[in-house]
Amino acid sequence: MRLAVVGATGEVGRMMVRVLQEQNVQPAEVEFFASAKSAGAEVEFYGKKYRVKELTKKAMEQGYDYLLFSAGASVSREFAPTAAGAGSVVIDNSSAFRMSPKIPLVVPEINGDILRGYRKGIVANPNCSTIQMVLGLYRIHERYGIRSIVVSTYQSVSGAGKNGMNELEEQMKGHIAPKKFVKQIHLNVVPQIGSLLENGFTDEEMKMVNETRKILRDPEISIWPTTVRVPVLYCHSEAVFVETRKAFDLSGLEAAVAGSEHVVLTQDMVTPLDAAGTDLTFVSRLRAFDDTRFLMWNVADNIRVGAATNAVRILLKHGELN
Ligand SMILES: NC(=O)c1ccc[n+]([C@@H]2O[C@H](COP(=O)([O-])OP(=O)(O)OC[C@H]3O[C@@H](n4cnc5c(N)ncnc54)[C@H](OP(=O)(O)O)[C@@H]3O)[C@@H](O)[C@H]2O)c1
């Protein structure tokens with residue numbers, strides 16, 4: 001297998017390098033790319049040191065079996081089509097292609113089947129807050145049909161990459177004014193992630209709306225998100241309120257969540273510090289007053305479940321089905 005990671009020096013890219021090894025993906029040839037700024041930096045992979053190369057069109061024309069992209073939407077738009085045209089399977093973490101009708105948007109546990117026969121081209125990795133939410137809900141949707149979702153997120157600063165983490169750390173030392181976030185994040189919560197759109201929602205919120213419908217293959221689900229940045233380093237948390245089409249009983253709901261792949265249902269309260277560094281989505285505080293509406297608390301590591309691990313799971317699923 002010929003494999004390359006684009007954005008290998010970033011938060012997600014570095015985690016991809018780790019998760020590839022944890023999942024025992026053993027490419028015969030491997031390369032790591034970033035911007036010119038990081039060319040020459042070192043990446044360690046299975047104990048061997050590699051030099052990071054500058055991303056170029058020429059490199060993308062070589063063709064790889066798998067290319068994992070996590071360098072932002074503009075870089076993906078510029079380079080991923082060239083790589084796909086050269087016969088590579090490009091697993092793209094950015095938002096660039098997620099809503100393109102012909103591009104699969106994949107959470108392997110839920111809709112990995114659509115990768116069968118998709119031999120080359122771009123596969124989109126969904127937004128981090130969407131991935132963990134749909135993992136906690138897909139079996140419930142299969143059993144009871146979800147009519148609507150109201151979700152408030154509590155998203156960590158690592159969701160904004162290494163600059164987001166640096167901003168919180170610098171503000172903790174009293175150093176800098178808001179840059180990456182629209183208001184101070186240290187000792188605060190900021191109810192705007194991404195840019196504000198004309199409809200009053202943010203683009204992060206609209207990702208949760210549109211991507212959830214595409215992954216669950218149900219354009220009728222009504223989704224009402226409020227995405228909020230909190231001063232936490234790793235893991236996004238979500239308070240999720242759901243209305244179902246069919247009536248449920250709590251034990252049926254619990255069985256649905258417990259039967260979801262890579263999801264843990266627990267009676268313990270799970271916080272970001274508990275979930276960080278794991279590949280699981282934790283659902284706790286599942287509760288209801290009646291039989292068509294319930295609440296849950298959902299926590300997962302945004303860099304792993306929400307990005308790197310999902311991308312590597314896409315690679316593994318693709319290999320299994322093709
Ligand atoms: N953080 C998350 O929770 C999360 C979750 C899901 C998806 N994503 C998506 O994943 C992508 C990366 O996010 P991140 O959090 O890892 O960001 P990050 O920490 O800022 O890293 C960005 C990476 O992209 C590289 N890069 C930037 N400009 C480039 C260029 N012109 N050519 C080649 N490489 C370039 C950077 O290289 P240099 O070191 O050379 O600057 C770095 O390796 C984004 O699309 C983001 O939306 C992030």
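**Contacts and burial in a predicted model**

Me: Which residues does K207 touch, not counting residues up to four places away in sequence?
Reply: In this predicted model, K207 is found in helix α7, residues 203-215. Leaving out residues up to four places away in sequence, K207 touches S95, R98, N127, T130 and T212.

Me: Is K207 buried, partly exposed or exposed?
Reply: The relative accessibility of K207 is 21%. Buried means under 20% and exposed means over 50%. K207 therefore counts as partly exposed.

Me: What separates the C-alpha atoms of K207 and P126?
Reply: K207 and P126 are 81 residues apart along the chain. In the fold, the separation of their C-alpha atoms is 8.5 Å.

Me: How far apart are the end C-alpha atoms of helix α5?
Reply: Helix α5 runs over residues 128-144, which is 17 residues. At 1.5 Å a residue, α5 should span 24 Å. The separation of its end C-alpha atoms agrees with that, at 25 Å.

Me: The side chain of R313 reaches the backbone oxygen of which residue?
Reply: R313 lies in helix α10, residues 304-321. With a relative accessible area of 11%, R313 falls under the 20% cut-off and so is buried. R313 touches several residues, among them P108, E109 and H262. At 3.0 Å, its side chain reaches the backbone oxygen of D279.

Note on methods. Residues are numbered from 1 along each chain as its sequence is written. This is a predicted model: local features need pLDDT of at least 70, side-chain atom pairs count only at pLDDT 80 or more; totals for chains, interfaces and linings use all residues. Side-chain values use heavy atoms; hydrogens and water are left out. Helices (H or I, at least four residues) and strands (E, at least two) are DSSP runs, numbered from the N terminus. Buried means under 20% relative accessible area, exposed over 50%, partly exposed in between (1.4 Å probe, protein chains only). A polar contact is a pair of N or O atoms within 3.5 Å; within protein, one must be able to donate a hydrogen and the other to accept it, and residues adjacent in sequence count only if both atoms are side-chain atoms. Contact means heavy atoms within 4.5 Å. The expected span of a helix is 1.5 Å times one less than its number of residues.
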